[in-house]
Amino acid sequence: MYPAPFNYHRANSVDEAIGMLSDIGEGARVLAGGQSLLPLLKMRFDEPTDIVDIGRIPDLDQIEENDDGVRIGALTTHRRIAASALAGVVPIIRDCANGIADNQVRSRGTIGGSVASGDPSCDWPALLHTLDAEIQCRGPNGTRTLDINGFVEDLYQTVLQPGEIVTGIRFKTPASGSGGAYCAFKRSAPAYPTISVGVQMTVSDGQVESARVALGSAGLTPIRAKQAETELEGRSAGADQIDKAADAAVAASDPVDDQRGSADFKRQLVAHLTKRAIGIAERRASGEQVYNSHEYY
Amino acid sequence: MSERIGITVSVNGTQYEREVEPRLLLVQFVREELRLTGTHIGCDTSYCGACTILLDGEPVKSCTMLAVQADGGEVLTVEGLEKDGKLHPLQEAFSEHHGLQCGYCTPGMLMSAHHLLEKTPDPSNAEIRKGIQGNLCRCTGYNNIFAAISDAAEKMQKGP
């Protein structure tokens, strides 16, 4: 299968890329690792006139940590994130980076692409809701820092303006006493998750101080399950509370029947994965090392 | 018609310079431009891994990359595994253990296995499974594939 013909432009800097995108206008698409874009082009779901390749722009693939938190450059690949010191310190990052798609996709796919594609099945957008992440963007009108909440506003639709690209992801390093887990179920390694659930919570003296619960592949956008967070916050994460949070997560989900499964099956997965993610997050919050990754048949 | 782009790619140690259409996929570059047809196109949708090759030492699905993205890179395909007319230990082990039935997935399996053993010379069974997680075998001959990779790892550890 061939993509439809397009003109190809290789940008050597962010500013050059923005200039190219602005000059070309609405027919242009941004190519980073290509793991979301190329399948779309090959199936002719999209036929851009021009491709602006940002994949070689220097210094956009760095992970930096300082007192303000973590910054992951948009072009950082899943493999590189999985192998980073950050993944050792923030387990929910490792859960995702190490289990997203398969080995081959992890070589090429980037965190910025995962966020900018606006695909509700991509793993990173759902996960980043649990870390209150900010998306750093640059466009013809300068730089903006946007909240991950609301960044994906509809199916394949982000709030990025024409000519604007994602340059990095920023979040605060979870404090000690905070634990998280990203649990995803998929039909096979290369498949997108059927459902995924990310949980990050801070526990102090057995009480949940704060909680974040986010769902992937469960609707038209990544979904923050705020009622599930409310069920957990201020209480001890006992079995009752976990069941209530799982019910609330199911209520927040909006799955549809498709080839990955029926909506009913997906709601059961939301409940199951929410309970599992809370359980692992709680153990990690108490300092326990727990292995976790995407599950498939 | 879009303008052709000049690219230079090293494939199995040989430098190739070509002018290519931007939409040319890396797998088509390898198979049709260079006539290296050992790399197979399976599903063509980024699922099956039959088209797996190594680019700068990392496994990639060559059906899900443009040739222009590999400009300046070093590619290893299944044809590059044998040395001086002698099969790579992985290829020998796949043969000995009957690690293939129809053989369609084999080039991709070999490249993923090669990458695994470069990073993890003595893999556990779980690591072997994870190493070829992005490669599907429609004949479901996975057990013999696992055995072949395990045996090749052992032989490569001992040396020739």
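**Sheet and chain contact**

Reply: In chain A, 3 strands make up an open sheet with the order β1-β3-β2 and parallel pairing; two strands count as paired if DSSP finds at least two bridges between them. Strands (E, at least two residues) and helices (H or I, at least four) are DSSP runs numbered from the N terminus. This is a predicted model, in which local features need pLDDT of at least 70 and side-chain atom pairs 80 or more, while totals for chains, interfaces and linings use all residues. Residues are numbered from 1 along each chain as its sequence is written, and chains are lettered from A and ligands numbered from 1 in the order written.

Me: Which strands stand at the edges?
Reply: β1 and β2 (28-31) of chain A do; each has a single partner strand, so one side of each lacks a neighbour in the sheet.

Me: How many bridges join β2(A) and β3(A)?
Reply: They pair in the parallel sense over 4 bridges. Val30(A) has Val52(A) in β3(A) as its bridge partner.

Me: New topic: how many residues does each chain bring to the contact?
Reply: Chain A brings 22 residues and chain B 25 residues, where contact requires C-beta atoms, placed from the backbone, within 7 Å.

Me: Which elements of chain A supply at least two residues each?
Reply: On the side of chain A that touches chain B, these are β1 (7-10), α2 (37-42), β3 (50-53) and α6 (103-108). The largest share, 5 residues, comes from α6(A).

Conventions. Contact = placed C-beta atoms within 7 Å.
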